[in-house]
Each structure stands twice: as C-alpha cells, then as structure tokens.
Amino acid sequence: MRRSQYRRESSKSKWFTGRRRIIAAVATLVAFGGIVTVTQVSDASTKRSTQRALAACNNLQAPKSAKLSTKTKKGTYTTNGGKVTQHADDGAGDVPTTAQMRARCRQWVMQNAGNNSGGGKGNGGNNGGAASPAPSTSNGTNAGEGGNTGGNTGGGNTGGNNNGGNNNGGNNNGGNNGGGAATPPPGAGLGILANSCENSQLDAHDGFQNGNRCVSTEFGEVGAQENNPSLLITEAPTEVAPNTPFTLKVSTRNLIRDRFLAAGQGGYYVESSILQGGIVRGHFHTACRMLASTNEAPDPAPVPAFFVATEDRQGGRAPDTVTIQVAGLPAEGDAQCASWAGDGSHRIPMMQRANQTPAFDAVRIRVGGGGNQDQGDENQGDQGQGDQNQGDQGQGDQNQGGDQNQGGDQNQGGQQGGNNNDQNQNDQNQNN
C-alpha cells in the first residue's frame with residue numbers, strides 16, 4: 001500500500017522552531033542579562049563600599065604625642081648584651097604621622113574591602129595574615145546599668161549574643177562588613193592577630209573560673225588619665241610570726257568600690273568596665289602568698305594563703321584608706337602581699353596611656369619565729385643589751401671612754417661576783 005503524500009505532521013515537531021525558538025533565545029538573553037546586572041550591581045556596591053572606606057581613611061589624623069617618662073632612654077633599645085629588647089614607655093613615643101596612618105588605612109582597605117562580602121565569616125581568611133579583622137562594635141553600655149550582670153550577662157550576652165549571635169557571628173561582622181562600608185578597625189595594618197573570639201578554637205568563656213576559654217566581653221569604658229584609678233599599700237609590717245594576725249592599710253583614688261560580681265556565680269570576666277562621673281566602678285583585691293624563692297617568678301597555680309575582695313560602697317575621686325585584717329600566714333619564710341584594683345568582673349581597670357602605672361602595689365613580709373623582733377629590740381632589749389654588757393666586760397670599752405655609766409652595770413654585777421674592784425680598776429685604766 002502506498003503511503004499518502006499528505007501525512008499529518010507531529011504537533012511537537014515545530015515546538016522549538018520559529019517563534020518559540022525566538023522566545024527561548026530572548027529568555028536566555030534576559031537571564032544572562034540579569035546575571036550580568038546582578039554582578040554589575042554587586043561590583044558597583046563593592047566599589048562604593050571601597051570608596052567610602054578610602055574616604056574615611058582620608059579623614060584620619062595623627063594622634064597627639066603622649067607624655068613620656070623623664071628618666072627613660074627614648075625609643076627602642078636592647079640590654080643584657082643585646083639579648084633583651086626594651087620599648088620605652090611601651091612604645092608611646094613612636095607616633096605615626098598623618099600620612100603614615102592614611103597610607104596604612106588605605107592598604108588595609110584594598111586588602112580587605114573586596115573580601116568581606118560573605119558576611120560573618122568574611123574576616124576568617126584574613127586573621128592569620130597581615131590584614132586585621134574587622135572590629136566588634138556595640139551600642140555601648142550606659143553607666144549605672146546593672147541588670148545584665150551575673151545571670152543575664154554570663155549566660156545571655158557572653159554565651160549567646162556576643163559569641164554566636166549579634167556581635168561576632170552576626171550583625172557586626174556580617175552586617176557591617178558584608179552590607180556596608182568596610183570600615184578599617186583600630187590598629188589596621190599592624191597585623192592584629194585577633195580582636196574577637198570568632199575564629200578562636202577555644203570554647204566560649206562562661207563567666208566561671210575556667211581556663212582555656214575565649215572571653216568575648218568588650219573592654220568597656222576607659223576614663224581620662226586624671227580619673228584613672230591608683231592604689232598604694234600605706235602601712236604593712238616588715239616581719240610577723242607565723243599564724244599571727246596583722247593588718248595592712250590600703251589607699252585607693254578614683255575608684256568607686258561598689259561593683260562586684262561573684263566569680264563563683266558566673267560573674268568572672270563578663271561585665272565591661274563602667275564609669276560613673278568619669279570614675280571606674282569596681283572594688284579592690286588583697287592577697288598574701290608564700291614565696292618558694294625570691295630569685296625567680298613564683299608558680300602562679302597555687303592558691304594564696306590569704307585573699308579578700310573589698311567592696312564597701314565607699315571610695316571615689318578623693319583618696320581614702322581601708323584597713324585589711326589578715327588572719328595570719330602559715331609558715332616561716334618570705335611572703336608577698338599585694339593589693340590591686342578590679343572592675344566589676346575582676347580585671348585591673350584600664351588606663352588612658354600605655355605608660356601609666358596600673359592600680360596595684362605589693363610588699364614583702366618576713367614570716368619568722370620571733371615576731372616583731374625589731375620593735376622588741378628597740379623597746380625592751382634587756383636580753384640583747386645584757387649580752388652586749390657581758391661582751392663589754394671582756395673588751396673593756398676601749399673606744400668609748402664615756403661608758404662609765406655602763407660601768408655602773410658592771411659595778412652591780414661585780415658586787416655579786418666579788419671581783420668587781422679589779423675589773424673597774426682595769427676598765428678605768430684602759431678608758432683613761
């Protein structure tokens with residue numbers, strides 16, 4: 001049978017021909033154009049971000065020179081035969097120029113501005129190299145706010161928001177660096193190893209006294225140099241007997257002693273430093289420990305023989321003095337007693353300048369069997385003087401002709417011994 005010359009064509013044979021083919025081609029072009037557009041928009045956003053960051057670099061100004069110590073050799077130098085490097089005033093005299101700061105800032109921007117679009121982890125690849133990670137910022141903490149301490153701060157802010165939520169993993173690094181301008185952090189270009197716990201391999205610190213943890217609590221508020229805290233041990237014994245109570249007197253200045261978060265309740269390293277009227281709020285510590293040697297730094301691990309934290313709701317701008325009652329020290333030897341200021345969660349308060357002395361002091365106390373022997377020799381001293389008098393009888397006080405009054409003691413002794421006259425005669429001859 002012969003096939004018909006007029007077969008019905010398949011309805012699908014021309015699906016991708018003619019007009020439909022044109023439509024498909026147009027759709028492909030539109031999709032490609034969309035990708036190009038998104039890429040261009042993204043590139044434009046990155047360029048604008050980079051330009052804003054570079055513009056911020058142009059506004060940087062060199063810092064003012066800090067006051068330097070008067071008796072220190074300037075600059076960086078070596079001692080101990082060139083083996084030990086010393087930095088005068090902690091490097092405070094090495095002040096960059098405005099041009100140096102701006103150049104360092106631009107270098108950081110060009111290395112980091114295009115790499116931070118990935119969000120929270122955008123800085124991960126830069127921490128190990130020369131570039132600095134982006135800063136962890138916050139809205140700040142108002143002075144006097146005490147609600148987020150202990151439980152809320154230790155469990156909420158430190159364990160939640162700071163480490164895995166808002167500050168490190170979320171809003172700040174992801175939002176600011178990914179969506180906004182790549183703002184250079186403090187210390188840009190100095191090769192900062194880290195300024196947050198984002199890339200730390202250690203567990204987050206939980207507010208308790210655990211080591212091998214990473215503390216994400218921000219430093220907080222630092223006062224002006226004239227308002228920074230200072231501390232001095234104003235009175236301490238030089239020698240005490242073992243297990244004998246004694247007192248230390250400690251004076252503090254610019255320290256409001258009204259803030260203390262118990263370390264045993266999760267208040268350790270969880271609260272930022274807080275100022276009130278420009279003065280840090282906190283407390284101070286006093287500890288005494290026995291030294292195994294006075295020729296090398298002691299082992300830091302053993303607990304001290306004595307430790308107290310003083311929070312008496314006193315203190316302030318003017319200096320005052322607190323008496324610390326020490327119950328006694330356990331054994332003979334050399335003891336180190338120290339006092340140092342602490343903020344709300346036990347860190348030594350910050351200072352405006354690097355070459356300021358922190359609020360701490362320490363004294364050495366000899367723990368011996370004789371107790372306050374120095375004072376006893378001065379006030380009583382009967383036995384000691386008696387030994388000297390016996391020695392004087394043998395030597396005759398040849399150098400001191402005026403020791404005839406002491407010779408009176410010899411007369412009393414001679415009446416008992418029966419040989420006084422001969423000794424007195426010999427002493428007078430020698431004295432003459």
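Modeller: A disulfide is a pair of cysteine sulfur atoms within 2.5 Å. This is a predicted model: local features need pLDDT of at least 70, side-chain atom pairs count only at pLDDT 80 or more, and totals for chains, interfaces and linings use all residues. Residues are numbered from 1 along each chain as its sequence is written, and side-chain values use heavy atoms, with hydrogens and water left out.

Biologist: How many disulfides does that rule give?

Modeller: C57 is joined to C105. C197 and C214 form a disulfide. C288 is joined to C337. The count comes to three.

Biologist: Is the disulfide of C57 and C105 left-handed or right-handed?

Modeller: The two sulfurs sit 1.9 Å apart. The torsion about their S-S bond is about -70°, so the disulfide of C57 and C105 is left-handed.

Biologist: How many residues apart in sequence are the parts that C57 and C105 tie together?

Modeller: Helices (H or I, at least four residues) and strands (E, at least two) are DSSP runs, numbered from the N terminus. C57 lies in helix α1 (residues 19-57) and C105 in helix α2 (residues 98-112), so the parts tied together are 48 residues apart.

Biologist: Is C337 buried or exposed?

Modeller: Buried means under 20% relative accessible area, exposed over 50%, and partly exposed in between (1.4 Å probe, protein chains only). C337 has 0% relative accessibility, so C337 counts as buried.

Biologist: Which residues have the most contacts inside the largest nonpolar core?

Modeller: A nonpolar core is a set of buried Ala, Val, Leu, Ile, Met, Phe, Trp, Tyr and Cys residues joined through side-chain atoms within 4.5 Å. The largest one here has 22 residues. Strands that each supply at least two of its residues include β7 (246-253) and β10 (279-291). Those with the most contacts inside this core are F246, L248, F284 and I324.

Biologist: Which residues does the second, separate core include?

Modeller: This core has seven residues. Among them are C105, W108, V109 and A188.

Biologist: Which are the edge strands of the open sheet of three strands?

Modeller: Two strands pair if DSSP finds at least two bridges between them. The order is β5-β7-β13, with antiparallel pairing. An edge strand pairs on one side only, and here these are β5 and β13.
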